[in-house]
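I open this notebook to record what I looked up in one structure. The entries follow the order in which I consulted it.

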Amino acid sequence: METNAADAWPERVFVCHSSLDASVAARLVAALESARIACWIAPRDVESGVPYPRQLVKAIIECRVFLLLVTNNSASSDHVVRELEQAVKHRRPILPVVVGGAMSADLDYYLGAVHQIHGSDADEVISLVEAYFAAPNRNPRPPSPLPAQPALPDKPQSRDTQALHVGVIPWPPFSMHAPPGGSPQGLFIDLLTRFGEVNNRDVQFTSISNEQSTRLVDEGLIDVVACLYRTPRRDRSYDFAACLYAGTMGAVVRASEERVTSFGDLMREEIRIVACQGEIGAELASDQFGARPGSARLVEMDTVNVRHIGILVAAGAADVAITDSLTCQLMLEEVGPVLRQAFPLFPLYVGHIGLLMSNGRTGLRDQLTADLRQLREGDDFRQLEREALAPFRGMLQAL
């Protein structure tokens, strides 16, 4: 049976806009409702006799999608920012519709990690929004864009079983996605390339996101993920080869607040934790600090740019961001002095870093572990390793 737009989007879309853009917002609503997608828009849907702020918050909480019309008018509107803050607070899926590249620093705090629809003018964005909502089986949470990478099939396909298929997650200095026209880089990439040369085996690298990693291993589309933390949860379902490094996990909070000063504070019900979906930070938040997936305490961002979780903390949409200590440091440098390290002397977790793979592939696991350990003993690689790890003393080390 076919799925139409009304079936896929049974609840209302909240249309947030500046009153100066009322005509464009009305055209958006008309286009969506002609496709049987219900909308809530002020002032049309405001009931008389009921306080407006109460109605507004209720409509945002109950909406299926918070559609934000971003124009030069809304980018400078305090009222629009307050509505967006409510959508973030209540964890509503946000879909920014940007006209002519309009944006402001306030909006970008919240929207930097969110998939956006861009058009040069009102006619173009309305057409794009219609197409977006008409797509069959549309995920009601607009996904964050991934960097340019090879297309991955949805189901396992026949492939060269002699090749070693490696999924590459960007995590300097261990692995980095290939730049346009280039090749992936990093310590694990170098070792795996040498492994292929020594064993006369074709090693094929595919850029992936952290959240994709276990699914692609499960479906047989890749043999190993270039580098991941070995954790108790992952150990229950997967195997690890070549755990050659160790790393620490840290936390970042706003510099101006003292709500999180000890590990025990992370257990408090009012403390909201943000982490990247599929990463160890989300696992620690759930397993060690009781912030269960889907609860108000845990925000899992679907993003490949970990800096975005720092932006949410800086904006006050979360109290603390959890990720590896290396990324914490990069986050502090990029987002700025509004953030600080929560526990600079005591890491949240110390774990081994290696190649994640399916259980039962003992031969491949043992060969990778033995060969990569031997390859790293070469003087040229040892020098490369020392230089790569030097900036991260106290966060990363070779085992």
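**Entry 1: Helix 14**

I began with helix 14, residues 362-375, in what is a predicted model. Its 14 residues reach 20 Å from the first C-alpha to the last, close to the 20 Å expected at 1.5 Å a residue.

I then asked which residues of helix 14 are buried. They are Leu364, Leu368, Asp371, Leu372 and Leu375. These residues cover an arc of only 95° around the axis, which places them on the same side of helix 14. I recalled the general rule: an α-helix has 3.6 residues a turn, so residues three or four places apart point the same way.

On the face turned away from the buried side, I found the exposed residues Gly363 and Gln374. I next looked up what covers the buried residues of helix 14. The cover includes strand 6 (164-168), strand 8 (224-229), strand 9 (238-254) and strand 14 (349-358), together with helix 8 (187-198) and helix 15 (379-389).

**Entry 2: The chain as a whole**

I noted 15 helices and 15 strands in the protein chain. Of its 399 residues, 50% are buried. The accessible surface comes to about 18,400 Å², and carbon and sulfur atoms account for 51% of it. I also looked at contacts between residues at least 6 apart in sequence: 75% of them join residues at least 24 apart.

**Entry 3: Salt bridges**

I took a nitrogen-to-oxygen cut-off of 4 Å for a salt bridge, and the count comes to 21. I examined several of these individually.

Aspartate 123 pairs with arginine 27, with the closest N and O atoms 2.5 Å apart. Aspartate 123 belongs to helix 7 (residues 122-134) and arginine 27 to helix 2 (residues 22-34), so this pair ties together parts that are 96 residues apart in sequence. Arginine 27 is partly exposed, at a relative accessible area of 40%.

Arginine 194 and aspartate 190 form a salt bridge at 3.2 Å, N to O. Both lie in helix 8, four residues apart, which is about one turn of the helix.

For aspartate 265 and arginine 268, I read an N to O distance of 3.1 Å in their salt bridge. Aspartate 265 is buried, with a relative accessible area of 12%, whereas arginine 268 is partly exposed at 28%. I also recorded one network, in which salt bridges that share partners join Arg254, Glu257, Arg259 and Asp319.

What is the order of the strands in the open sheet of five strands? I read it as 2-1-3-4-5, with parallel pairing. Strand 2 (39-40) and strand 5 (117-119) stand at the edges, each with a single partner strand, so one side of each has no neighbour in the sheet.

Leucine 69 has valine 97, in strand 4, as its bridge partner.

**Entry 4: Arginine 233**

Arginine 233 is partly exposed, with a relative accessible area of 32%. Leaving aside residues up to four places away in sequence, I found that arginine 233 touches Glu283, Ser286 and Asp287. Arginine 233 and aspartate 287 are 54 residues apart in sequence, and their C-alpha atoms are 8.9 Å apart in space.

Definitions and conventions
Residues are numbered from 1 along each chain as its sequence is written. This is a predicted model: local features need pLDDT of at least 70, side-chain atom pairs count only at pLDDT 80 or more; totals for chains, interfaces and linings use all residues. Side-chain values use heavy atoms; hydrogens and water are left out. Helices (H or I, at least four residues) and strands (E, at least two) are DSSP runs, numbered from the N terminus. The expected span of a helix is 1.5 Å times one less than its number of residues. Buried means under 20% relative accessible area, exposed over 50%, partly exposed in between (1.4 Å probe, protein chains only). The arc is that of the directions from the helix axis to the C-beta atoms. Contact means heavy atoms within 4.5 Å. Accessible areas come from the Shrake-Rupley method with a 1.4 Å probe; for residues, only the protein chains shown count as cover. A salt bridge is a side-chain nitrogen of Lys or Arg within 4 Å of a carboxyl oxygen of Asp or Glu. Two strands pair if DSSP finds at least two bridges between them.
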